[in-house]
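Thank you all for making time this morning. Could we have the sequence and the model up on the screen, please, so that everyone can follow along?

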Amino acid sequence: MVDTNRKRVVIIGGGFGGLQAAEALSHLPLRITVVDRRNHHTFQPLLYQVATAGLSPAEIAAPIRKILARRENIEVLLGEVFDFDLERRVVKLHGFDLPYDYLVVAAGATHAYFGHDEWEPIAPGLKTIEDALGIRRRVLLAFELAERHAAITGQHSPLTFAVVGGGPTGVELAGTLAEITRKSLSDDFRNINPKKTRIVLLEAGPAVLPSYPADLRESAKRQLERLGVEVRLNAAVTGVRLGEIEVGSEVIRTTLVLWAAGVSASPLGRALGGPVDRAGRVLVEDDLSLPGHREVFVIGDLASLKQAEGNQLPGVAPVAMQQGRWVGRQIAGDLAGNARKPFHYVDKGSLATIGRAAAVADFGKLHISGYFAWLSWLFVHIFFLIGFRNRIIVMIQWAWSYFTYERGARLITGDQTLASWEELDREQGLSPAAEKRARPAS
C-alpha cells in the first residue's frame with residue numbers, strides 16, 4: 001500500500017545524478033518516483049568502447065528498475081517529460097501529469113552543432129547507446145564496403161575518419177580508431193590495408209584536452225600521434241557535407257565524420273522558466289535549487305554553477321554524483337528543519353584514456369601519463385560500473401582485448417549503406433553501377 005501522507009519526490013533522469021539522488025533519499029519517509037524516457041542507465045564514459053566494437057551495450061548499461069529494485073519507496077516510470085507547471089507543482093508527461101512536493105531535474109545534455117543542426121545526420125555525436133551503435137555500424141561498414149569494392153574493381157576510395165573536437169570524447173574516439181585500424185583489423189582483410197586509414201582529430205582551440213594542465217595536454221597530443229592520429233589544432237570546422245569536411249578554406253575528403261565538439265543542455269532546462277546560460281544550462285542557486293523555487297533542484301549537466309575560484313563546474317559524472325547525494329541531504333535537512341548549505345564540489349582528479357596503455361591523469365599536484373595513467377583509468381571506470389556482473393564481464397573483455405587486440409562486438413546491424421561512401425565513389429567512378437559492370441561474370 002502506498003502511504004499518501006508521505007511527501008513525493010519526482011526525479012527526472014536515471015543518469016549518474018538522478019540515481020545518486022534516489023539512493024540518497026531512499027532511506028527517508030518519502031514517496032520517490034524516477035522518470036526516464038529509457039528503461040536503462042548508461043555508463044556514458046564507456047560509450048566510445050561500444051562505438052568502436054570493444055564492448056556490447058549490455059556490458060555498460062543496466063535497467064533502472066533493477067538497480068533500484070530493493071528500494072521499496074521508489075517507483076520507476078518510463079516516460080518523456082515535455083513541460084512543468086511550477087505553480088501547481090506538476091510534471092507534464094505525454095499522457096499524464098505527475099504531482100510533486102520536491103522535484104529533482106537531472107535530464108543531462110545532448111550534442112551541440114553551434115547553429116548547424118543540419119550537420120548531425122552526417123556527423124553523429126556520442127551520447128546514447130543508439131548513438132554508439134550507429135557509429136559502430138558506420139565504422140565497420142566503411143571497411144566492408146572498401147573491401148568489397150577493392151575485390152570487384154581493384155581499387156577503393158581512401159579511408160579517412162575525421163573526429164571533430166579534442167575533448168575527452170574526441171581523444172578517446174580518435175585514439176581507439178587508430179588502434180583498431182593499426183592492430184585489431186590489420187590482418188582481417190585481403191584486398192585493403194586498414195593500416196592506411198587516415199585518422200584526423202580536429203580541435204578548434206590551441207590544445208587537446210583543454211581543461212587539463214599544460215603538461216598533460218602535450219602528453220596527450222604526443223600519445224595520439226604515436227598511435228597514428230593526425231592532430232590538427234586551431235582547426236575550426238566551417239562546413240560538413242557528405243564525403244567532405246571544411247576547415248577554413250581547406251576541404252578534407254572524408255569517409256566518416258564523428259562529432260565530439262560541443263554539448264547542449266536538455267530542452268527541459270528552458271522549460272523550467274528560470275535563467276539559463278548560452279548552452280541552455282540552468283543558472284542555479286548555490287544550494288542547486290531553481291531561483292524562486294526552493295522545492296526544485298537542477299543537477300548534473302543541466303545545472304550551471306561556478307566553483308569558489310570562479311570556474312564553471314565541469315559536466316562530468318563525479319560532479320553529477322556528488323550533486324545527487326548532496327540534494328538528498330538537503331531534502332533530508334528540510335524535513336528535519338535544518339538550514340540549507342551551499343554545494344561544494346570535491347575534485348578527486350580527472351582521467352582521459354587515449355588508447356591501449358595510453359592515458360593522462362590529473363590528481364591535483366600529481367600528473368601521470370602513459371601506462372600507469374591508463375591502469376588508473378581502467379580501475380576507476382570498472383569500480384563505478386553498475387552491477388557485479390558488468391564489472392566481471394568488462395574486466396575479462398578488456399584483458400582479452402589487451403593481449404590479443406581483438407574487438408569482441410564487431411557486428412553490423414541495420415542499414416547496410418553508407419551515404420558518405422557512396423558520395424566518394426560516385427566522384428571517382430566507383431558507383432554501384434560501375435561496381436556491377438566490373439563484377440566478373442558467374
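Arg 89 is partly exposed at 35% relative accessibility, where partly exposed covers the range between buried, under 20% relative accessible area, and exposed, over 50%, with a 1.4 Å probe and protein chains only. Please keep in mind that this is a predicted model, in which local features need pLDDT of at least 70 and side-chain atom pairs count only at pLDDT 80 or more, while totals for chains, interfaces and linings use all residues. Residues are numbered from 1 along each chain as its sequence is written, and side-chain values use heavy atoms, with hydrogens and water left out.

What does Arg 89 form a salt bridge with? The partner is Glu 295, and the closest N and O atoms are 3.8 Å apart; a salt bridge here is a side-chain nitrogen of Lys or Arg within 4 Å of a carboxyl oxygen of Asp or Glu. Glu 295 sits in strand E21 (residues 293–298) and Arg 89 in the loop between E6 and strand E7 (90–93), so the pair ties together parts that are 206 residues apart in sequence. Helices (H or I, at least four residues) and strands (E, at least two) are DSSP runs, numbered from the N terminus.

Staying with E21, five of its six residues are buried. Strand E9 (residues 102–105) runs parallel to E21 and is joined to it by three bridges, given that two strands pair if DSSP finds at least two bridges between them; within this pairing, Val 105 stands opposite Val 298. Strand E20 (residues 289–290), by contrast, runs antiparallel to E21, with two bridges between them, and Leu 290 has His 293 as its bridge partner. The hairpin of E20 and E21 has two residues between the strands, and Gly 292 takes a positive phi near 85 degrees there.

Let me turn to other salt bridges, of which the count comes to 18. One of them links the side chains of Arg 37 and Glu 80, at 3.5 Å from N to O. Arg 37 is in the loop between strand E2 (30–36) and strand E3 (40–42), and Glu 80 is in the loop between strand E5 (74–78) and strand E6 (81–85), so this pair ties together parts 43 residues apart in sequence. Arg 37 counts as exposed at 55% relative accessibility, whereas Glu 80 is partly exposed at 40%.

A further salt bridge joins Lys 221 and Glu 225, whose closest N and O atoms are 2.7 Å apart. Glu 225 is partly exposed, with 37% relative accessibility. Salt bridges that share partners also join Arg 198, Glu 230, Arg 232 and Glu 250 into one network.

What else does Lys 221 touch, not counting residues up to four places away in sequence? The residues are Val 208, Val 231 and Leu 233, where contact means heavy atoms within 4.5 Å. Lys 221 and Gly 166, finally, are 55 residues apart in sequence, and their C-alpha atoms are 9.7 Å apart in space.
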